[in-house]
Amino acid sequence: MANKIKADRVWYNTNLATMDPEIAAPYGALRYYAIAIHQDRICWIGPSLDFESNVDTNDAQDMQGFWITPGFIDCHTHLIFGGNRCGEFEQRAQGASYEEIAQAGGGILSTVAATRALSVEELAESAMIRLQALCNEGVTSVEIKSGYGLTIADELKMLKAAHQLSQTINVNIRTTLLAAHAVPPEYSGHGDDYVELICSELIPQVAERKLAQAIDVFCESIAFDLAQTERLFKTAQQHGLAIKAHCEQLSHLGGAALAARYGALSVDHGEFLRANDIKTLKKHGTVLCLLPIAHYFLRQCRTPPIDRLRSAGIPMAVASDLNPGSSPLASITLAMNMAVINFGLTPEEALLGVTRHAAKALDWHQNKGQLRCGFDADLLIWDIDQPSQLSYELGSLNLVQRVIAATHREHADLQGAVTDV
Ligand code: DI6
Ligand code: FE
C-alpha cells in the first residue's frame, strides 16, 4: 500500500486496555489489536490483521495475547525527604495520634529537620530508591512535591532534587511547590507571615524559574486555614501556576470547594467531603485524588464518599501519597488494591485512577493516560489474563513485562523492570 504509516515498533496480537472513554467496552478494551509507536508517540492502533497493510516497520512483535495498558501515573507523591519516621510509628503503635504528634512538634517538622540537613544530591540519591520501586511496578510518570524544606532555599533545593531525578531515570516528572505543608519552626505562631513569605518571594521565584507547574496547600486545622489557603491560590494564579490542595483529610474545613472555585486541577484525600463540595467539584471539573494508603496507614475510619462521587461523575484519581509520615509504602498497585478493597472502587475505576484520571489531575490529559493515536508512547506490557488482575494480584508475580516511557529522550529501558518479550 502506498501511504503506509512509518513506525519504530509495532506490537500485534495484543489486547489493549486503552482507557479511552470513546470506546464503550470496559477498560476501553480492544482485543487482538496492534499498536504502533513512532518517535515517542502512538502513531497507529488497529485490528491485528490490518497492521501489515497499514504500518511500515522493521520491528514488529507478536504479543500472543499479552495486554498493553497506558503507563501508570502516580499523581501525588512526596518522595523526596530526609530520614524516616520510625520513632513516630512506634509512638502511634502505643496510641498517639498523627495530629497529637504534629502538634507536639514532631511529624512533618521532624522530616523538615532531616531534609534541611541534606544536599540536592543526597536528597536525589535517597529518593531514587523510592522512585525506582514505583517504576518497577509500571509508573512512567510521577508528580513530586516539595514541602519538607519550608525555607526559600530548602524548598528550591527539593525542587532541584526532583528535576535531577528526571535526568537520571526514564520517567516523566511534574513538580509541585508545597511550601504550605506546615508552619516552619522559625514562624511558629506566625503562620500568616510565613504565607506572606511564600507569596512574595517563593512563588514568584519558582514560577519564573519554572521549577514547578503547580502549588499545593495542606489545608487542615493542623496546617493552613481557609484564608491563608485562598491567599496562596490567588498568588499562584497571578503567577500562572496550577493549583492542587490537600483537603478534608482529617476534618472538614472547606478547602476542597475553595480549591475547585480557583480552578484546581485536583483536590486530594477527601475523607470528609460533603455533598455540596461534590457539586462544586463537578461544576469546575476538578479531579478528586484518592490516597488510600494514607487512609490505611493512619487507621482512618471514615472513607471518602465514593458512591456520591461516582454518581456525580467526578473523575477519581488514585495515588500513592508516598511520604515518610502517613504513607511510607512505595507501591502504586497497593494503592489501587486498597482503593478497591477499602474505598469500594471497581478494578476498572482503580486503573482509571492511575491512568486517565491521574493524567487529568496533572493537566497531562491531552497526551497521557490513554492508548490513543497521537498520545505519548508510555506503555506497559503485561502477562495477565484480565486488566482487573492489576489491582488484584500484588507482590507474587512480576507482571510487568516491559515498560516504555516516552520521555522524549532516547529510549532507555528501566533498570530492573524489564524482561523483553
Ligand atoms: N498529607 C499527607 O498525607 C502528607 N502530607 C499531607 O499534607 C503527610 C506528610 C507527612 O506526614 O510527612
Ligand atoms: Fe500528600
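## Residue classes and the basis of the model

In what follows, Ala, Val, Leu, Ile, Met, Phe, Trp, Tyr, Cys and Pro count as nonpolar, Asp, Glu, Lys and Arg as charged, and the others, Gly among them, as polar. By these classes, the lining of the largest pocket divides into eleven nonpolar, seven polar and no charged residues.

This is a predicted model, in which local features need pLDDT of at least 70 and side-chain atom pairs count only at pLDDT 80 or more, while totals for chains, interfaces and linings use all residues. Residues are numbered from 1 along each chain as its sequence is written, chains are lettered from A and ligands numbered from 1 in the order in which they are written, and side-chain values use heavy atoms, with hydrogens and water left out.

A pocket is, on a 1 Å grid over the protein atoms alone, an open set of points with protein on both sides within 12 Å along at least five of seven lines, whereas a cavity is a set of points where a 1.4 Å probe fits but cannot get out; lining residues have an atom within 4 Å of a point. The largest pocket holds about 340 Å³ of space, a volume being the space filled by probe spheres set on the points, which are joined across faces, edges and corners. Its lining has 18 residues, and A102, L109, A182, V183 and I222 are those nearest the centre. Helix 3 (98–103) and helix 4 (108–116) are the elements that give two or more residues to this lining, and helix 3 gives the most, with three residues. Helices (H or I, at least four residues) and strands (E, at least two) are DSSP runs, numbered from the N terminus.

The second largest pocket has a volume of about 280 Å³, and of its 13 lining residues R92, A96, F297, L298 and R299 lie nearest the centre. Two or more residues of that lining come from each of helix 2 (86–93), helix 3 and helix 11 (292–297), with helix 2 giving the largest share, three residues. The lining of the second largest pocket comprises eight nonpolar, two polar and three charged residues.

Two cavities of 30 Å³ or more are found in the structure. The largest cavity, with a volume of about 90 Å³, is lined by residues including H78, Y98, H181, H246, H269 and D321, and its lining divides into three nonpolar, seven polar and one charged.

The second largest cavity has a volume of about 40 Å³ and a lining of eight nonpolar, no polar and one charged residues. Among the residues that line the second largest cavity are L177, I198, D216 and L232.

## Helix 6 and its two partners

The axes of helix 6 (residues 152–168) and helix 7 (residues 191–208) come within 11 Å and cross at roughly 30°. Helix 6 is therefore roughly parallel to helix 7, since angles under 35 degrees count as roughly parallel, over 145 as roughly antiparallel, 65 to 115 as roughly perpendicular and the rest as oblique. Axes are lines fitted to C-alpha atoms, for helices over the stretch in contact, and angles run from 0 to 180 degrees between N-to-C directions. In this pairing, I152, E155, L156 and L159 of helix 6 meet L197, E201, L202, Q205 and V206 of helix 7, where contact means heavy atoms within 4.5 Å.

Helix 5 (residues 120–136) and helix 6 have axes that come within 9 Å and cross at roughly 55°, which makes helix 5 oblique to helix 6.
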